Amino acid sequence: MRSETVFPATVDTLVIGGGNAALCAAISARREGASVLVLEAAPEFYRGGNTRHTRNMRCAHDSATDFLTGPYTEEEFWQDLLRVTGGETDEDLARFMIAESKDMLTWIARQGVRFQPSLGGTLSLGRTNSFFLGGGRAMLKSLYRTAESLGVRVIYEAEVIGFDIQDGVFREALVRHGGAVVPVKARTLVAAAGGFEANIDWLKESWGAAADNFLIRGTPYNRGDILRLLLDAGAEPVGDPTQCHAVAIDARAPRFDGGIITRLDCVVFGVVLNANAERFYDEGEDFWPRRYAIWGRLVAAQPGQIAYIVFDSRSLPLFMPSLYPPVQADDLHTLATRLELDPQRFEATLAAFNDAVREGHFDHTVLDDCHTEGLSPPKSHWARRIEQPPFYAYPVRPGITFTYLGVRVGRDARIRMNDGRPAVNMFAAGEIMAGNVLGRGYAAGIGMTIGSVFGRIAGREAARHGRN
């Protein structure tokens, strides 16, 4: 018989969420002496939000380490962020995050997280990103183990359905658990419950009917309930509701929770066609870690929100495959038929591409000289003729990782209110405030950086506020 969960009547710091940002906040607050309660809406097996599916984090560092091949300066990190966001970022907060990230690899290792050498293929992250030994699930287990050993209490299947917030002061949360609704008072609140990507109705408010064809790479529990409660209580919003981390994933993936194994990293090795068998963007514009997160939005703008990555046998060994095998054929006409595309248009598009290719020295680790001429859109790098059978294709749809609409915060991770004042005792970390840094675009590992840096700060500042 399952025993009844007893909630504390009050706690120093209430953390809502169960992923990387929430756990970093909980550990940080507890190490500052606060009593901490973590409320995770998911069951224990599915705890951790999108952190369950991650593999690495991007941090500035001054020299090579056991797992990083060289330095990654604060300025280079900033330039990479500036490039992918097109300048749509809070520069002061972004530079602050980058500076703080230099200490994160050491800090998070002290919480039990272990690292491994970087993966190969098209990721090209061996110098910039640290990979978690065992991936996101192993990282989460380490953080939970540390948090619980410090005395942090975690309650699962705890859905927050209401807040008592008056003039920027958090007083109480209403929590649905086991059929009952329980009030929980706290001196401080840390909101780390993710975005609203699993709320299809909310996505449709901005995307319209196209959102019905979106796949959600991560947890089905990130429905934006906490974000909505905060905005309704007067928190200042930040970010565009249509902007998100969206990649091209295998169209055969499940609607929710397909994770990293449904992502496809083969765009740079072939061409991408829409349902009309037409190319629509430069597949070789830049290194894949700087461009992979634009392809979800690109596919979302195509007819039926579907596209097809087409390549030949030379490219098959060069990337990590999806969970699902590619569609295969010995000739292009048959491949088009199996993809249910017009074979004549398909073959004409491939013929035009092949005619425009100017092959040089192919090297996917650099911006090589293999390109097209006289073709629109061009392929700027890694262009090779698609001519060696068998031929392959992956169908892809937009895979939404997390949304960028969130709450505005300052350097102390304190939520800002609509009247311009900082909240008295409310803080935020992770995807729920990522739009401060990510106005658009993405580079691999930055989501984990945002969660770790601002989670640590939010927990520390919440605990210190509670003491005072």
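**Overall build**

Q: How many helices and strands are in the chain?
A: The chain has twelve helices and 21 strands. These are DSSP runs: H or I of at least four residues for helices, E of at least two for strands, numbered from the N terminus.

Q: What should I know about the model itself?
A: It is predicted: local features need pLDDT of at least 70, side-chain atom pairs count only at pLDDT 80 or more, and totals for chains, interfaces and linings use all residues. Residues are numbered from 1 along each chain as its sequence is written, and side-chain values use heavy atoms, without hydrogens and water.

Q: Which domains is the chain divided into?
A: Domain 1 covers 8-239 + 403-464, and domain 2 covers 244-397. The bounds come from an automatic or database domain assignment.

Q: How many residues does each domain bring to the contact?
A: Domain 1 gives 30 residues and domain 2 gives 33. Contact means heavy atoms within 4.5 Å.

Q: And what separates their centres?
A: 32 Å, taken over C-alpha atoms.

Q: New topic. What are the spans of the C-alpha trace?
A: About 70 × 50 × 45 Å along the principal axes.

Q: What share of residues is buried?
A: 58% of the 468 residues. Buried means under 20% relative accessible area, with a 1.4 Å probe and protein chains only.

Terms used
Buried < 20%, exposed > 50% of the residue type's maximum accessible area, 1.4 Å probe, protein only.
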